[in-house]
Amino acid sequence: MKELKSLNKRTAPKSVMPEKIIQFGEGNFLRAFVDWIIWNMDQKTDFNGSVVVVQPIDRGMVDWLNGQDCLYHVNLQGRLNGEAVNSLERIDVISRALNPYTQNQAYMALAEQPEIRFVISNTTEAGIAFDDKCKFTDAPASSYPGKLVQLLFHRYKYFDGDPTKGLIIMPCELIFLNGHHLKECIYQYIELWKEDLGADYEGFKSWFTNSCYVCATLVDRIVPGFPRKEIADIQQKISYKDNLVVQAEIFHLWVIERPENMTCEELRAEFPAEKAGLHVLIAESEKPYHERKVTLLNGPHTVLSPVAYLSGVNIVRDACNHEVIGKYIHKVQFEELMQTLNLPMDELQQFAADVLERFNNPYVDHQVTSIMLNSFPKFCARDLPGVKTYLERKGELPQGLVFGLAAIITYYKGGKREDGAEIVPNDAQEIMDLLKELWATGDTQKVTDGVLAATDIWGEDLHGVSGLAELLKKDLDLIQEKGMLEAVKTIL
């Protein structure tokens with residue numbers, strides 16, 4: 001065992017670059033995704049910018065970060081073009097980390113730095129919210145949008161409303177149209193604090209509207225976080241006591257929707273991630289990419305899980321490599337779900353292939369049971385739109401997706417798997433009670449009708465989807481009669 005060095009700027013090289021980005025959030029996701037992307041931009045383009053991290057709540061990790069001079073390693077794992085990858089890179093893009101609750105003056109002084117151009121955040125889904133209890137005089141406001149408005153107003157005043165000193169704001173919270181929600185919150189705070197802003201109210205509001213640029217974004221990278229099991233081996237490999245190693249899959253995608261007041265070309269020129277060869281798309285709209293992710297990543301997960309589990313397969317990777325279930329997943333992904341989207345087919349093929357490579361990650365044992373909680377609402381959001389669009393476009397129902405719904409319904413029956421293991425469904429009590437009651441009849445017609453008529457689950461009666469009741473009953477009968485694995489073979 002070799003002796004480990006402390007990790008800091010005295011023991012490891014650290015770049016010094018102008019601070020161009022304020023980042024609200026210091027957690028694993030931002031460090032393994034956004035900061036890794038910016039580090040790559042600095043390596044491969046003339047971006048030449050560093051990140052100041054701001055802790056969004058009063059308790060966080062900025063002391064840990066500063067204790068290592070904001071240096072840490074990212075461990076990327078997964079498959080890339082069929083090959084297993086397990087890499088370690090030292091990221092030195094964070095200049096410093098601030099706690100605005102104890103360093104409010106230093107936080108507000110960020111507004112006075114002319115090179116600052118971007119604000120990036122991941123403050124959890126609950127972070128983008130308006131709280132009318134926040135006061136303009138709070139140091140700082142408790143909510144993230146409130147803190148941001150305080151900073152923006154200080155910048156507006158300091159630079160005397162200079163239109164070139166507006167900021168490009170790119171939230172990464174996992175909410176659809178996150179930028180739209182954030183913008184709405186900012187306007188709510190401007191109205192709430194109208195009296196505090198006084199004579200500057202109109203000018204500040206106009207400066208925010210015209211000189212700041214709020215983007216909606218979609219982020220996609222699985223980040224398991226700190227590698228507890230492998231940390232001793234990793235530290236031996238890197239020769240440093242790095243207590244902030246963050247593990248992530250190799251796949252990454254960031255879709256940034258251009259703001260209303262800026263073109264895609266202008267944004268690409270300022271944020272040259274595509275030029276660095278990264279999967280960062282600056283697009284007219286985030287919506288088709290959101291649909292693509294929900295449909296081609298979450299959609300197959302939802303139906304493969306009960307099919308695999310009831311066939312005796314517990315891990316997503318093993319399901320992909322199974323000679324029967326692997327073909328089922330391929331059918332659902334390429335022949336059915338992919339046909340329901342509105343992006344160019346070559347783009348969809350590449351993304352669908354990337355998804356299967358991610359499912360097949362040799363470093364992650366993704367349990368299918370962890371995906372199966374709330375299976376009905378998930379099917380409703382992720383797969384039902386595909387069922388309807390496929391029927392509309394092809395004039396017939398997608399066999400694999402309907403079979404997946406039959407597998408979900410069968411999972412809620414309970415009992416034993418083919419390998420003798422006990423099936424213990426876990427879900428909202430009202431769904432468990434409904435399925436127990438329906439299966440107690442022993443009649444697959446009653447089960448079919450009861451599930452399709454459950455407007456609480458679907459928001460509608462699914463008997464209105466032509467041919468669905470007949471095909472679903474047929475699949476339920478097939479599974480009861482032959483068992484899951486033989487039933488899958490029949491539909492293939």
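## Ground rules

Residues count from 1 along each chain as its sequence is written, and side-chain values use heavy atoms, with hydrogens and water left out. Because the model is predicted, local features need pLDDT of at least 70 and side-chain atom pairs count only at pLDDT 80 or more, while totals for chains, interfaces and linings use all residues.

## No disulfides

You'll find zero disulfides here (a disulfide being a pair of cysteine sulfur atoms within 2.5 Å). Take Cys 172: its closest cysteine sulfur, in Cys 215, is 10 Å away, so that's too far for a bond. For Cys 185 the closest cysteine sulfur belongs to Cys 134, again 10 Å off and too far for a bond.

Both are buried (under 20% relative accessible area, with exposed meaning over 50% and partly exposed in between; 1.4 Å probe, protein chains only). Cys 172 has a relative accessible area of 0%, and Cys 185 has 5%.

Most residues other than glycine have a negative phi, and most peptide bonds are trans. Ala 139 and Pro 140, though, are joined by a cis peptide bond with omega about 5°. Pro 140 is in the loop between strand 7 (118–121) and helix 5 (144–158); helices (H or I, at least four residues) and strands (E, at least two) are DSSP runs, numbered from the N terminus.

Asn 48 has a positive phi near 50° and is partly exposed at 38%. Asp 160 also has a positive phi, about 55°; this residue is exposed at 71%, in the loop between helix 5 and strand 8 (168–171).
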